[in-house]
Amino acid sequence: MQTGIGSGEQLARRFGADKALLGAAYIDAERTEPGVFAQTGSPPRIVLGEESGELTVRAQAIADVLRMANIETEVSPNVLTALWTKLVYICALSGMSCITRAPFAEVLDTPETYEMTMQVMTEAFDVGRASGVPLEQGLVDAVMAGFQAEKAGGFVSSMQTDLMAGNPLEVSLLNGAVARIGESAGVPTPANGFISACLTIANNRAHA
């Protein structure tokens, strides 16, 4: 359930495909102090499933365990759609807030960075579609409408929190993944490539 695209492939290579299952977590939470976390916003939920779309026994068994812990869980026959839909969202929120070092509401209120946010999402959408993922037309506009509706509540991405704390960043699985897959698919991704390249410096420092 690591945010982004590519972690499932890494786990499958290391442990075997039969030990890895794709999923996405939807939760607003922050670490308030070592060992203490606060969950805010809507109730958390998880979407998981097989990349093949098959509704397997193992996926259902994992979902049953999560539901026993009162975690809303969906077994999806289209988990790649869920992952790429979240990627469109998170590339904009995390990537743009980190590259500007600004609150996301300010990013949306500034015409230049608003347009770049739209470009980041459009690139991710185009790369997903080029990769065969059935993303819905109108997704980018729908995500932006959601951003605008929730803007007053404030947005803080986990990657921006990591950036400010000097921690490693997941940019290679977010904007970096869009740029990398886009290159293979022949889809230009200048905005995501720029964000990935710039944030690589901070990520390298954190790993040093």
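View 1. The structure holds zero disulfides, a disulfide being a pair of cysteine sulfur atoms within 2.5 Å. This is a predicted model, in which local features need pLDDT of at least 70 and side-chain atom pairs count only at pLDDT 80 or more, while totals for chains, interfaces and linings use all residues. Residues are numbered from 1 along each chain as its sequence is written, and side-chain values use heavy atoms, with hydrogens and water left out. The closest cysteine sulfur to that of cysteine 91 belongs to cysteine 98 and is 11 Å away, too far for a bond. Cysteine 98 is in no disulfide. Cysteine 91 is buried at 0% relative accessible area (buried means under 20%, exposed over 50%, partly exposed in between; 1.4 Å probe, protein chains only). Cysteine 98 is also buried, at 0%.

**View 2. Asparagine 192 in helix α9.** Helices are DSSP runs of H or I with at least four residues, strands are runs of E with at least two, and both are numbered from the N terminus. Asparagine 192 is buried, with a relative accessible area of 0%. Its side chain makes a polar contact of 2.9 Å with the side chain of asparagine 175 (a pair of N or O atoms within 3.5 Å; within protein, one must be able to donate a hydrogen and the other to accept it, and residues adjacent in sequence count only if both atoms are side-chain atoms). A polar atom of the asparagine 192 side chain also lies 3.2 Å from the backbone oxygen of valine 120. Beyond four places in sequence, the contacts of asparagine 192 include Cys91, Glu123, Ala124 and Val178, where contact means heavy atoms within 4.5 Å.

**View 3. The largest nonpolar core, with 44 residues.** A nonpolar core is a set of buried Ala, Val, Leu, Ile, Met, Phe, Trp, Tyr and Cys residues joined through side-chain atoms within 4.5 Å. Leu87, Val88, Phe104, Met121, Phe147 and Leu199 have the most contacts inside this core. Elements supplying at least two residues each include β1 (22-33), α5 (111-130) and α9 (190-207). Helix α3 gives the largest share, twelve residues. Another core, of six residues, lies apart from it and has Ile46, Ala63, Leu66 and Val75 among its members.

**View 4. Glycine 49 in strand β2 (residues 36-49).** Glycine 49 is buried, with a relative accessible area of 1%. Not counting residues up to four places away in sequence, glycine 49 touches Leu21, Leu22, Ser76 and Val79. The C-alpha atoms of glycine 49 and lysine 86 are separated by 15 Å.
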